[in-house]
Amino acid sequence: SSINYGNQFTAVVLEYNNGSLLRSVTLKRDESLPKDTGIFANIPNVIFRTPNKQEMPPNGFVISQQNTYQLSIKNNETGNTITGTTSIVNDVTPDFPGPFNTTINWIQTVPVKVKWFTALGGKIYNLVIRIHYLEQSIPKYLDWSFGNVESLDTLGQLATVPEELEQDISRDEFYQYIATFLSPMPPGSRHFDSLDFIWTVGSQDLDTYIQVYQPSIGIVQEKPQFTNLTGGIGIFSSRNTYSLHGLGLSTVSLDALKNGPFTFNLGF
């Protein structure tokens with residue numbers, strides 16, 4: 001049927017470098033990914049994706065952070081074409097923690113300052129600290145999200161010098177967060193494993209889209225329309241996820257997790 005786009009559409013991604021076309025790749029119609037149940041139809045769940053390594057040896061369709069991409073969707077019945085173009089958000093550069101900061105010490109009088117340099121093409125930044133632990137030998141984790149932070153420049157750079165952003169976190173916040181989501185258990189039931197610091201970075205267009213369509217808190221609910229597509233409505237944009245994995249806690253921080261006033265009864 002038309003809502004699943006059958007053979008009605010042909011979707012192509014064109015890759016450019018400095019205005020020169022490098023390749024044109026037709027997206028694959030895929031029904032293999034399950035969709036959660038709900039009020040909308042979930043069978044089939046149709047997506048259009050880039051080819052994998054079996055379909056495009058040796059590595060499938062690999063995106064380059066230096067190139068730009070154009071999406072072209074043709075309606076084979078009407079002949080109409082929708083297009084959109086995006087650059088690719090590059091990696092952030094962590095300052096703290098960084099390659100030489102392998103443990104975090106929450107037990108200090110001043111807040112821990114998580115700091116990073118902005119990414120080329122990035123505008124909106126979301127930091128998540130993933131707290132890995134074992135609960136009765138079963139690996140589990142908590143994702144501690146700090147909301148969105150915007151850089152000043154729409155390209156993520158100021159006069160070619162990256163801007164530095166930061167998130168201040170007090171020691172109590174770390175332990176209070178864990179205490180909020182974990183219930184008490186006997187001593188030795190849980191063991192701390194490691195921390196991941198995960199930055200998700202979106203482009204200027206994605207930031208604008210989020211701002212335009214975020215929930216209204218006033219009486220007026222009507223939204224202005226935002227799209228970066230030509231010939232249609234929607235958004236074709238980019239985001240990037242950059243992670244530091246396997247960071248530890250200092251000895252005094254581990255002791256506070258076991259014996260501190262917020263987490264002493266959680267079984268660490």
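**Labels and their criteria**

User: Why is arginine 23 called partly exposed?

Analyst: Arginine 23 has a relative accessibility of 27%. The scale calls a residue buried under 20% relative accessible area, exposed over 50% and partly exposed in between (1.4 Å probe, protein chains only). Arginine 23 therefore counts as partly exposed. The model is predicted, so local features need pLDDT of at least 70 and side-chain atom pairs count only at pLDDT 80 or more, while totals for chains, interfaces and linings use all residues. Residues are numbered from 1 along each chain as its sequence is written, and side-chain values use heavy atoms, with hydrogens and water left out.

User: What makes the pair of glutamate 15 and arginine 23 a salt bridge?

Analyst: The closest N and O atoms of glutamate 15 and arginine 23 are 2.4 Å apart. A salt bridge requires a side-chain nitrogen of Lys or Arg within 4 Å of a carboxyl oxygen of Asp or Glu, so the pair qualifies. Glutamate 15 is itself buried, because its relative accessibility is 4%. The structure holds eight salt bridges.

User: Why is asparagine 67 called buried, and with which side chains does it make a polar contact?

Analyst: Asparagine 67 counts as buried because its relative accessibility is 7%. Its place is in the loop between strand E4 (47–49) and strand E5 (68–75). A polar contact is a pair of N or O atoms within 3.5 Å; within protein, one must be able to donate a hydrogen and the other to accept it, and residues adjacent in sequence count only if both atoms are side-chain atoms. The side chain of asparagine 67 makes such contacts with the side chain of glutamate 15 at 2.9 Å and with that of asparagine 17 at 2.6 Å. Beyond its neighbours within four places in sequence, asparagine 67 is in contact (heavy atoms within 4.5 Å) with residues including Tyr16, Leu22 and Ile88.

User: How do you know that strands E10 and E15 are paired?

Analyst: Two strands pair if DSSP finds at least two bridges between them. Strand E10 (residues 124–135) and strand E15 (residues 190–202) are joined by 12 bridges and run antiparallel. One of the positions concerned is isoleucine 131, whose bridge partner in E15 is leucine 195. Strands (E, at least two residues) and helices (H or I, at least four) are DSSP runs, numbered from the N terminus. Both strands belong to an open, mixed sheet of five strands in the order E8-E17-E15-E10-E11.

User: What makes E7 and E14 edge strands?

Analyst: The order E7-E9-E14 describes an open antiparallel sheet of three strands. Strand E7 (93–96) and E14 each have a single partner strand, so one side of each is left without a neighbour in the sheet. E7 pairs with E9 over three bridges; in E9, the bridge partner of phenylalanine 96 is lysine 115.

User: Which residues have the most contacts inside the largest nonpolar core?

Analyst: They are Trp106, Ile129, Ile131, Phe174, Leu195 and Phe197, in a core of 35 residues. The label denotes buried Ala, Val, Leu, Ile, Met, Phe, Trp, Tyr and Cys residues joined through side-chain atoms within 4.5 Å. The elements that give two or more residues to this core include E10, E11, H1 and E15. Another core lies apart from it, with 10 residues, among them Val13 and Leu229. Phenylalanine 174 touches Trp106, Ile131, Trp144, Leu195 and Leu249, residues up to four places away in sequence not being counted.
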